[in-house]
There are 2 protein chains.
Amino acid sequence: MRQQRSAETRVKILEAALDLFRERGFPESTMREIAARSGVATGLAYYYFASKDAIVLEYYQRALEDLGPLLEPAQQHKKLDDRLHAILEAKFQYFEPNRRFLGALMSNAADPASALSPFSEPSRAIREFDFAQFQRAIDETGVSIPKDLAPHMAKILWMYQMGILLFWIYDRSENQSRSRQLVKRSLGMVVLLLKLSNLPLLKPARKTVLDLVGILEG
Amino acid sequence: MRQQRSAETRVKILEAALDLFRERGFPESTMREIAARSGVATGLAYYYFASKDAIVLEYYQRALEDLGPLLEPAQQHKKLDDRLHAILEAKFQYFEPNRRFLGALMSNAADPASALSPFSEPSRAIREFDFAQFQRAIDETGVSIPKDLAPHMAKILWMYQMGILLFWIYDRSENQSRSRQLVKRSLGMVVLLLKLSNLPLLKPARKTVLDLVGILEG
DNA sequence: TACTATTTTTGAACACGTTCAACTGAACGT
DNA sequence: ACGTTCAGTTGAACGTGTTCAAAAATAGTA
């Protein structure tokens, strides 16, 4: 019984926080306000969440879990570019109500030491959960990928996605139409490059790219 | 006389701040400490600098001015890749003592609304000052660039540079050797792509890239 | 010199994220 | 029933970046 009440309190705080983030944005929402709206003392928010950032991280985790089923239709397409397009569109739609505060997740994107960075250690689990979607898209569409490139392909597509999402988050055009344009234009290129990469002629170029990936990963 | 004393106080605060940033890092240095080390009240730091971030921004501005002359030898190379290599190496060396706190400049790199982002409005002047170096390298090496691509080339090289510097700032390898590797490997590709871009065959590809640049810029 | 206007300087105060010692009360053994 | 335990909860307190009304120093004018 105690556990249940506790879990409920946790959820209550999480949702008050997300409501506030949506209404006012992330930096404008204070922990005191979150606690007040949950009818709880300030300190309790810290009993359940390690930090203000951690609340966003938890939201993002749940979001990816929610997205699993929602991505199912997208994963039915036969061609890789159609799949990727559908995956991105599904994410746009799912995240749309929270576009404003999701910037918080990207704010320290550049710093791998920041917990909120998509590249950080704390978000590793979330990130790998997300990799799997791309791996599946690659596997099931049976797109041909050179052996040397294959182990990194899901990661590369994930990075591509992160770039697109980053742009989308800060996209001020009506209905984020520019992000949609960007997807349409860039997806063509990604898939074209993927096809080109199979040409034996381009093995040296592939080698260079792989070297770069290697350096970037350490 | 008043102006001079005032200017001196300003410099005193700026240098105390930079010393502290170098010693302890940016987040670990407090405004109170900076003021104390300058022998001045806390509030005075805010009389001269709009914010803690603004101090870093000012440092970066000065740095680029200092770099002008230092880049002169680099701008003597005949080949574009040699120039770019020399430019990057000069920046590595100049910024080396401040590598630790320069992360502050990148911390909100993703958010164009953050003043410290290299893409922000407040850093526009600095950014354009930096563009000019790349424009000069392009012009003086007489490298052939398709007409449609030419107006954007300096910007593209600048972005490439920002990516490299970003990696360098967070590079934990001994002597940032991985950053050097990255430069060596990636510069080859950049220049190769530039040469390829002249092939009439690749006009459609160029068109796509230009469309992408257009979308990214708005 | 005395009076005024302007620039420079002060330090207390504010709101924030976060921490922590203390308190509450339900669950459990006796 | 009673005491013990400990997850759950409280709110004051800390250190932070930043603001601001007021004081001090300086320049200009008579």
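Reader: Before I look at helices packing, what are axes fitted to?
Author: Axes are lines fitted to C-alpha atoms, for helices over the stretch in contact, and angles run from 0 to 180 degrees between N-to-C directions. The model here is predicted, so local features need pLDDT of at least 70 and side-chain atom pairs pLDDT 80 or more, while totals for chains, interfaces and linings use all residues. Residues are numbered from 1 along each chain as its sequence is written, and chains are lettered from A and ligands numbered from 1 in written order.

Reader: Ok, at what angle do H5 and H7 of chain B pack?
Author: About 155 degrees, with the axes of H5(B) (residues 80-95) and H7(B) (residues 124-141) 9 Å apart. That angle is why H5(B) counts as roughly antiparallel to H7(B) (over 145 degrees; under 35 is roughly parallel, 65 to 115 roughly perpendicular, the rest oblique).

Reader: Which residues meet there?
Author: On the H5(B) side you'll find Leu80(B), Arg83(B), Leu84(B) and Ile87(B), and they meet Gln133(B), Ala137(B) and Thr141(B) of H7(B). Contact means C-beta atoms, placed from the backbone, within 7 Å. Sorted by type, that's four nonpolar, two polar and one charged. Nonpolar covers Ala, Val, Leu, Ile, Met, Phe, Trp, Tyr, Cys and Pro, charged covers Asp, Glu, Lys and Arg, and polar is the others, Gly among them.

Reader: Switching topic: how many helices and strands does chain A have?
Author: Ten helices and zero strands. Both are DSSP runs numbered from the N terminus: H or I over at least four residues for helices, E over at least two for strands.

Reader: What size of box do its C-alpha atoms fill?
Author: For chain A, roughly 65 × 40 × 35 Å, taken along the principal axes.

Reader: And how many residues does each chain bring to the contact between A and B?
Author: Chain A puts in 22 residues and chain B puts in 22 residues. On the chain A side, H6 (99-106), H9 (177-196) and H10 (203-217) each supply at least two. H9(A) gives the most, with seven residues. That side of chain A has ten nonpolar, eight polar and four charged residues.

Reader: What rotation superposes chain A on chain B?
Author: One of 180 degrees, with 0.0 Å of shift along its axis and an RMSD of 0.1 Å. So the two chains are related by a two-fold axis.

Reader: Which C-alpha of chain A is nearest the axis?
Author: The one of Asn108(A), 2.6 Å from it. Both copies also use the same surface, with 100% of chain A's contact residues recurring in chain B.

Conventions. Contact = placed C-beta atoms within 7 Å. Least-squares fit on C-alpha atoms with pLDDT ≥ 70 in both.
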